[in-house]
Amino acid sequence: MSDQQICQTCGNEQLLRSQKYCRKCASDNPYYDPSNLISYNHDSQNQPRIKRSEPTKYAVQLARALHSEGIKIQLEPEIWYTSCNFYTPDILVNKDLIVEVDGPYHEEPQIKKNDRIRQRALENSGYLVYRFKNEEIVNSLDYVLDKIESILNEFEHNSDRKTAPQLIEMEIPETQRMSNVSENLIKAYSIALNSTLVGKMEKWSTSYFKEFLSQYSPTPIGNRCAMERILFMLLGLNLRLKSDLQSTIDFEHYSMLFDKSLGVMKGLFGEAAEIELKNAYNITATNFVKNLIFYGKPLIARIRIVWIKDYESIVFHISDFKRQFYRFGIFVEESEVKVECLGELDRIENILKERNKINQQINQNQINDGELRRFGWLERWIQEDLKWLHWLEDWLHYDKSLLVLNQ
Ligand SMILES: [Zn+2]
């Protein structure tokens with residue numbers, strides 16, 4: 001039996017058995033078979049796991065109401081916002097209005113921050129994002145429908161809406177969305193390429209990158225996801241300090257290289273790939289600043305570049321980053337960096353707990369101590385770095401003793 005069925009309600013010919021509701025009219029799918037669920041699991045460790053989920057009953061209720069008003073909807077469409085990642089909003093109305101229906105879960109700071117950061121990327125691609133709460137769907141559906149219709153009206157009469165989201169929606173083969181090169185090779189290619197770029201700004205060009213990377217097999221040229229990852233890595237390798245202010249990252253230089261990288265993506269794949277690279281940076285910029293605070297470097301770099309040791313310095317770096325990246329529509333906000341830092345402290349706390357558990361088991365001779373070696377970086381971090389992070393306690397209202405108590 002074919003996996004694709006036809007929806008009796010709206011005639012949608014691409015009704016999949018893995019979908020609980022029709023994606024075009026939100027009616028129940030009589031062919032739904034939950035054992036048929038598709039989940040994507042990118043093989044690379046640096047890419048998020050993407051699992052398709054079913055919409056909530058609130059999103060379904062709104063989607064049905066919109067459909068019965070004759071408004072064109074797509075339930076949980078795939079929207080590729082970087083060269084390697086897509087996201088599935090609750091509802092896409094027409095071509096450019098994303099409507100999200102949020103439960104209480106979205107009030108958590110970490111989730112809220114991620115929502116906001118992704119929204120920024122989507123807006124840069126020309127989408128408008130509008131969020132409603134579950135209660136609004138239940139208690140005031142008419143108000144929500146009116147609101148959406150008035151937004152659509154405004155859209156129609158506003159001719160200078162910036163980027164057309166169609167750019168992003170272009171049909172790009174799935175094979176280009178999955179890197180064709182392993183993460184280790186991406187690292188190796190980037191390091192090799194970078195060694196030929198030192199001091200040669202003019203080599204950051206489509207033609208040179210094409211020439212250099214074509215010598216390898218498999219070559220990442222022709223695969224936009226692999227190229228996005230290589231550019232990320234190259235940029236990380238090229239972070240440097242300002243020559244006059246040694247404790248400060250030279251974001252001006254960094255943003256110039258970023259501009260060149262956009263040119264490379266555009267030259268290889270066209271304008272949509274350029275926007276996708278900007279989006280990828282918008283998504284990771286906050287995390288990038290967090291890594292400067294905790295580790296003094298982006299995760300891919302081997303050596304510490306700068307060490308942000310006080311509040312003044314973090315504020316300085318954030319505002320300098322914003323100044324240099326504003327023109328690309330890329331932002332970092334202090335409040336979001338804070339949330340990201342608290343998340344990192346949580347992560348470290350959990351790793352510490354795990355280490356202590358293993359420590360105890362070793363004392364009881366249940367396992368050998370080879371296991372502990374993977375926590376080596378943590379020991380060093382605690383000994384060398386933690387003592388510098390006093391200022392974090394004030395900034396984040398975080399009790400640092402939580403991290404050392406159990407040593
Ligand atoms: Zn349908």
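Mentor: Let us begin with a term: two residues are in contact if their C-beta atoms, placed from the backbone, lie within 7 Å. Please also keep in mind that this is a predicted model.

Trainee: Okay, how is the chain divided into domains?
Mentor: The chain is divided into domain 1 (1-37), domain 2 (38-169), domain 3 (174-332) and domain 4 (336-404).

Trainee: And how many residues of domain 3 and domain 4 are in contact?
Mentor: Eleven residues of domain 3 are in contact with eight residues of domain 4, while the C-alpha centres of these two domains lie 29 Å apart.

Trainee: Which elements give two or more residues to the domain 3 side?
Mentor: Those elements are α11 (271-295) and α12 (311-325), and the largest share, six residues, comes from α11. By type, the residues on that side of domain 3 divide into six nonpolar, two polar and three charged.

Trainee: Switching to the inside, what does the largest nonpolar core look like?
Mentor: That core has 45 residues, and the ones with the most contacts inside it are I230, L231, M265, V289 and I293. Several helices give two or more residues to the core, including α7 (183-195), α8 (206-213) and α10 (251-269), but the largest share, twelve residues, comes from α11. Domain 3 and domain 4 both give residues to this core, so the core lies between them.

Trainee: What is I293 in contact with, leaving aside its neighbours within four places in sequence?
Mentor: With those neighbours left aside, I293 is in contact with I308, I314 and C341. Apart from this core lies another one, of 30 residues, among them C22, A59, A63 and L66.

Trainee: Last topic, where is Y31, and why does it count as partly exposed?
Mentor: Y31 sits in the loop between β2 (15-16) and β3 (39-40). It counts as partly exposed because it has 17 C-beta neighbours inside 10 Å, and a residue is buried only if it has 20 or more. Leaving aside neighbours within four places in sequence, Y31 is in contact with Q5, L15 and R17.

Trainee: And how far apart are Y31 and K322?
Mentor: Y31 and K322 are 291 residues apart in sequence and 50 Å apart in space, C-alpha to C-alpha.

Note on methods: Residues numbered from 1 in each chain as written. Predicted model: local features only at pLDDT ≥ 70, side-chain atom pairs only at ≥ 80, totals over all residues. Helix = DSSP H or I, 4+ residues; strand = E, 2+ residues; numbered from the N terminus. Buried ≥ 20, exposed ≤ 12 C-beta atoms within 10 Å, placed from the backbone. Domains from an automatic or database assignment. Nonpolar A, V, L, I, M, F, W, Y, C, P; charged D, E, K, R; others polar. Core = buried A, V, L, I, M, F, W, Y, C linked by C-beta atoms within 7 Å.
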